[in-house]
Amino acid sequence: QVQLVESGGGLVQAGGSLRLSCAASGRTLSSYVMGWFRQAPGKEREFVAAISWNGGRTYYADSVKGRFTISRDNTKNTLYLQMNSLKPEDTAVYYCAADSHRRLSDPVRAQNRNEYDYWGQGTQVTVSS
């Protein structure tokens with residue numbers, strides 16, 4: 001069993017930055033595709049970014065491309081999301097997720113939340129205008 005715990009959320013002004021972390025326990029994540037999703041009030045959970053097992057491939061939603069960077073440190077069993085130039089529309093609960101079935105993904109699979117079988121509890125990010 002894998003436990004994922006997100007941290008780093010908070011309140012920030014538009015244009016600011018935050019760095020989210022997702023710490024894993026129970027099993028090493030070094031062989032898994034990992035992803036970040038977010039869910040705003042009244043909306044469905046949407047894909048933000050994903051990364052292959054060794055960080056060699058990354059995928060981003062168009063809405064965050066060029067502003068967010070996903071990375072991982074397999075020695076620390078931790079996933080990160082650096083968020084820059086934040087906008088009010090980035091306000092949401094951010095979740096990290098693990099796809100334990102594969103090391104590599106593709107643009108279609110990476111964005112499909114049904115491909116991920118482990119989820120964290122989420123961390124709130126609020127961007128004020």
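This is a predicted model: local features need pLDDT of at least 70, side-chain atom pairs count only at pLDDT 80 or more; totals for chains, interfaces and linings use all residues.
## Order of the elements

From the N terminus on, the elements of the protein chain run β-β-β-β-β-β-β-β-β-α-β-β, which amounts to 1 helix and 11 strands.

## Overall dimensions and packing

The protein chain has 129 residues, and because a compact globule with that number of residues would have a radius of gyration near 14 Å, the 13 Å of this chain agrees with such a globule. Taken along the principal axes, the box that the C-alpha atoms fill is roughly 40 × 25 × 25 Å.

Buried residues make up 45% of the 129 residues.

## The disulfide

A search of the whole structure finds 1 disulfide, and this link joins Cys22 to Cys96, with a distance from S to S of 2.0 Å. Cys22 lies in strand β3, which covers residues 18-25, while Cys96 lies in strand β9, so the pair ties together parts that are 74 residues apart in sequence. A disulfide is a covalent bond between the sulfur atoms of two cysteines.

The link of Cys22 and Cys96 is right-handed, with 45° about the S-S bond. Both partners are shielded: Cys22 counts as buried because its relative accessibility is 0%, and Cys96 is likewise buried, with a relative accessible area of 0%.

## Aromatic residues

The search of the whole structure finds 4 aromatic pairs.

Phe37 and Tyr116 belong, together with Phe47 and Trp119, to one aromatic cluster.

## Charges over rings

Two arginines are placed over aromatic rings. The charged end of Arg45 sits over the ring of Tyr95, at 3.7 Å from the centre of that ring, whereas Arg103 lies over the face of Trp53, at 4.5 Å from the ring centre.

## Two loop residues with positive phi

Asn77 lies in the loop between β7 (68-73) and β8 (78-83), and its phi is near 55°, a positive value in a residue other than glycine. Because its relative accessibility is 14%, and the cut-off for buried is under 20%, Asn77 counts as buried. The side chain of Asn77 reaches the backbone oxygen of Arg27 at 3.2 Å. When residues up to four places away in sequence are not counted, Asn77 touches Cys22, Ala23, Ala24, Arg27, Thr28, Leu29 and Ser30; among these is Cys22, the residue that a disulfide joins to Cys96.

Ser85 also has a positive phi in a residue other than glycine, with a value near 50°. The place of Ser85 is in the loop between β8 and β9 (92-99), and at 40% relative accessibility Ser85 counts as partly exposed.

## The loop residue Leu104

Leu104 is placed in the loop between β9 and α1, and with a relative accessible area of 42% this residue is partly exposed. Leaving aside its neighbours within four places in sequence, Leu104 is in contact with Val33, Ser52, Trp53 and Arg57; of these, Trp53 is the residue whose ring face has Arg103 lying over it.

The distance from Leu104 to Ser129 can be stated as well: although the two residues are 25 residues apart along the chain, their C-alpha atoms are separated by 37 Å.

Terms used. Residues are numbered from 1 along each chain as its sequence is written. Side-chain values use heavy atoms; hydrogens and water are left out. Helices (H or I, at least four residues) and strands (E, at least two) are DSSP runs, numbered from the N terminus. Buried means under 20% relative accessible area, exposed over 50%, partly exposed in between (1.4 Å probe, protein chains only). A disulfide is a pair of cysteine sulfur atoms within 2.5 Å. Rings of Phe, Tyr and Trp (its six-membered ring) pair if their centres lie within 6.5 Å; planes under 30 degrees apart count as stacked, over 60 as edge-to-face and the rest as tilted. A charge sits over a ring if NZ of Lys or CZ of Arg is within 6 Å of the ring centre and within 35 degrees of the ring normal. A polar contact is a pair of N or O atoms within 3.5 Å; within protein, one must be able to donate a hydrogen and the other to accept it, and residues adjacent in sequence count only if both atoms are side-chain atoms. Contact means heavy atoms within 4.5 Å. The radius of gyration is taken over C-alpha atoms; the globule rule is 2.2 Å times the number of residues to the power 0.38.
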